[in-house]
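Hi,

Here is the structure I said I would pass on to you. Have a look at it first, and then read my notes below.

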Amino acid sequence: MIKHNGGYFMKLSKKIISVILCVIMVFTMSAVAITANAKNDVTPVVFIPGIGQSQTYKYDDDGNEIASWNMLHVNTDFASFSIIDWVKMIRLVAGLIVTIAAQRDVVSESAIKGALEVLFVDHLRKDDGTFVNNVVTPNYPCPISGYNEDARGIFDRRIPCQALVDEIGEDNVYCYNYSIFSNTFENAKGLNDYIEDVVLPQTGSDKVILVPMSMGASVVNNYLNLYPDAGRVEKIISVVGAWQGSDVFADLMLADFDENAPDMVYTEAIQQIGVDAMTGSLINIAARILPKQEVDNLLYDIISAFVKTLIVPNTSLISLCPPDRYEEFADKYLQGEELAETKAQTDSYAKAQRELKERLEYQQEKYGTELYFIAGYNLGFGGGSGDFGFFKFFETQDSTNSDEVIEISSTAPGTSYVPAGTSFSDEYIADPSHHVSPDGSIDTSTAYFEKTTWYFNKQFHELTNNNIALNLAYDIAMNKVKSIDDCKDTYPQFNNVRNLKKLNRYLGDAEQVFKLGVLSAEDDARLKNKVAEAKALAANTVIVPENDDKMTEELRALMAELVAKYNLATEEVKEQLDYDGLMRGDYKPASEPDKTTVVLTTALGAVAKLMTLIFGKKGFGDFWSFIF
């Protein structure tokens with residue numbers, strides 16, 4: 001049977017149609033599953049994804065899929081709201097209206113919690129551990145060769161590993177999925193069952209290679225904690241793994257904001273988190289409706305309610321709290337007899353985090369498990385791709401050295417650091433026992449496994465588009481690389497950031513242009529030459545970000561020229577190719593900005609700046625109370 005979220009869904013469901021659906025999925029997948037099909041010299045690889053890499057589905061009582069998501073799902077099906085649901089929502093809205101009118105926070109935490117229970121009902125569980133609604137995060141009982149089209153498409157997009165598949169075969173590549181709102185211990189048990197009941201019997205192997213990604217490291221850590229003598233792991237190849245949590249998640253759960261964070265909402269700094277100028281100005285203005293202290297009170301209540309509603313009952317996210325901050329979290333949220341079992345589990349995992357080095361060394365020494373780590377460094381929280389810009393609001397954002405999401409001491413366990421953009425002292429660097437990065441911000445000599453840990457400078461957490469980092473992981477899996485000493489030329493230490501998302505997109509679009517067969521011989525040759533240059537650059541394992549950016553722009557510019565010249569961005573071409581990539585805005589001439597938008601942006605920006613001059617970094621109520 002399919003294992004759902006590490007064991008939660010193995011219980012008999014009261015909804016018979018749900019069971020029927022699962023059985024159908026099993027037999028559909030099993031029809032193409034491979035049994036005892038591994039090559040004799042190949043060890044199967046099991047990916048353990050991070051946040052947002054597993055897909056969750058919601059079904060109605062007739063077994064029809066009505067929603068799917070990979071992170072949070074907000075229930076906006078207002079027609080499904082009960083009278084009690086509407087009462088909860090109205091209670092919150094009424095409280096917010098009174099808060100604005102009275103200039104004092106009167107919204108209770110219970111009112112916020114009630115609204116959250118309505119909006120995020122698809123993440124809530126009943127007392128027996130099953131979801132309130134018919135929600136499933138499927139684990140397919142087969143390698144990726146047995147996935148249906150939709151499941152395979154999701155896997156390929158989120159875990160691009162074609163180089164590995166080409167080498168060991170798709171019958172030897174597996175993926176253990178789990179919901180981000182789940183239970184750390186159930187996930188670990190589920191991984192053990194998946195290895196023992198699915199992977200090993202189907203491949204005939206007695207070992208697996210585990211590739212945890214991000215949050216997946218917490219699942220693997222607890223698997224080793226609960227099953228220390230399973231002896232099934234040949235290698236662990238960690239890709240930006242959260243082995244000892246992340247301070248920014250502790251900041252979020254404990255509402256520990258940077259001391260300047262409240263002031264940022266009143267200034268243009270708000271636009272650093274990816275907000276456009278007009279929206280940023282609106283936030284600057286709207287933030288003044290309430291006094292600053294009341295905004296703080298409301299924000300703390302929202303976070304507290306969110307943690308109590310969604311995180312405490314689903315301990316997987318608690319596993320992202322660093323062990324040195326766990327006690328503070330437990331004291332705040334895990335008190336009371338009703339939470340005794342939850343606290344016992346999270347206490348146990350915090351202990352497992354603290355004992356990580358000893359646990360990994362035990363696996364290495366007793367079972368010969370090889371341990372590898374790939375990590376990014378030299379960024380503050382929220383300081384990389386822009387996707388996590390709001391992390392700049394949190395307390396530890398300017399004291400960390402991370403991949404913008406997880407500090408280097410967690411993704412590359414044991415690594416010492418100073419804040420990103422700073423350097424160890426000259427005396428520290430001069431000490432030959434210290435192995436300091438060229439920028440001077442990390443010391444690899446303290447890493448638990450220095451010879452098998454690789455660091456990418458200013459690499460943000462999303463590694464999907466760094467082909468070199470991923471190929472390094474796959475070469476390790478295929479026994480082509482054993483340590484940093486094996487690959488100084490091909491995978492040099494302290495390599496640079498790479499993001500080939502746009503370049504790969506343009507390469508895919510170019511292939512569509514070739515299919516049309518409309519280019520002149522000259523233009524066909526120009527595009528083929530540029531594609532060849534781009535592929536050669538992408539294959540270069542020594543990354544120079546400036547060269548990547550230059551090539552990306554050159555290919556985009558040539559594609560834009562050809563799309564315009566041959567009028568390829570049309571509905572006719574889209575229909576002919578069943579492909580809309582050539583209609584991307586990337587290839588269209590820059591249009592004149594909408595005049596209304598320009599006027600509004602300018603006007604709102606001027607008003608926001610004027611308010612800053614008049615009121616400073618305060619709410620309207622703060623200012624008037626000061627005057628009068």
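Where pLDDT is low, the predicted coordinates should not be read in detail. As for the chain overall, the average pLDDT is 89, and 92% of the residues score at least 70.

Now to the helices. Which residues of helix α10 are buried? In this helix, which covers residues 277-286, they are G280, S281, N284 and I285. Those residues sit on the same side of α10, because they cover an arc of only 135° around the axis.

Next, take a look at helix α13 (residues 340-354) and helix α14 (residues 356-367). Their axes come within 4 Å and cross at roughly 70°. Angles of 65 to 115 degrees count as roughly perpendicular, so that is how α13 lies relative to α14. Where do the two helices meet? On the α13 side the residues are A352, Q353 and R354, and on the α14 side they are L356, E358 and R359. Sorted by class, this contact of α13 with α14 has 2 nonpolar, 1 polar and 3 charged residues.

Most residues other than glycine have a negative phi. E404 is not a glycine, yet it has a positive phi of about 85°. You'll find E404 in the loop between β10 (370-377) and α15 (408-411). Is E404 buried or exposed? E404 counts as buried, because its relative accessibility is 0%. K458 is the other one: its phi is near 60°, again a positive value in a residue other than glycine. K458 is placed in the loop between β13 (453-457) and α17 (467-477). With a relative accessibility of 42%, K458 counts as partly exposed.

A few single residues are also worth a stop on your way through the model.

- T315 is in the loop between α11 and α12 (323-333). Its relative accessible area is 4%, so T315 is buried. Not counting residues up to four places away in sequence, T315 touches S182, N183, T184, T342, Q345 and T346.

- D301 belongs to helix α11, which takes in residues 292-311. Which residues does D301 contact, leaving aside its neighbours within four places in sequence? They are D105, V107, E109 and I112. D301 and I468 are 167 residues apart along the chain, and their C-alpha atoms are separated by 43 Å.

- L124 is in the loop between α3 (109-119) and β5 (135-136). At 16% relative accessibility, L124 counts as buried, since the cut-off for that is under 20%. Setting aside neighbours within four places in sequence, L124 is in contact with E117, T130, F131, V132, T309 and L310. From L124 to L164 it is 40 residues in sequence and 37 Å in space, C-alpha to C-alpha.

- V233 is in strand β9 (residues 233-239). V233 counts as buried, at 2% relative accessibility. Apart from residues up to four places away in sequence, V233 touches K207, V208, L210, Y223, L224 and T369. V233 and T596 are 363 residues apart in sequence, with 61 Å between their C-alpha atoms.

- K565 lies in helix α20 (residues 545-565). How does K565 come out, buried or exposed? K565 counts as exposed, with a relative accessibility of 53%. K565 and L519 are 46 residues apart in sequence and 9.6 Å apart in space, C-alpha to C-alpha.

Cheers

Terms used. Residues numbered from 1 in each chain as written. Predicted model: local features only at pLDDT ≥ 70, side-chain atom pairs only at ≥ 80, totals over all residues. Heavy atoms only, no water. Buried < 20%, exposed > 50% of the residue type's maximum accessible area, 1.4 Å probe, protein only. Arc of directions from axis to C-beta. Axes fitted to C-alpha atoms, helices over the stretch in contact; angles between N-to-C directions. Parallel < 35°, antiparallel > 145°, perpendicular 65-115°, else oblique. Contact = heavy atoms within 4.5 Å. Nonpolar A, V, L, I, M, F, W, Y, C, P; charged D, E, K, R; others polar. pLDDT = per-residue confidence, 0-100.
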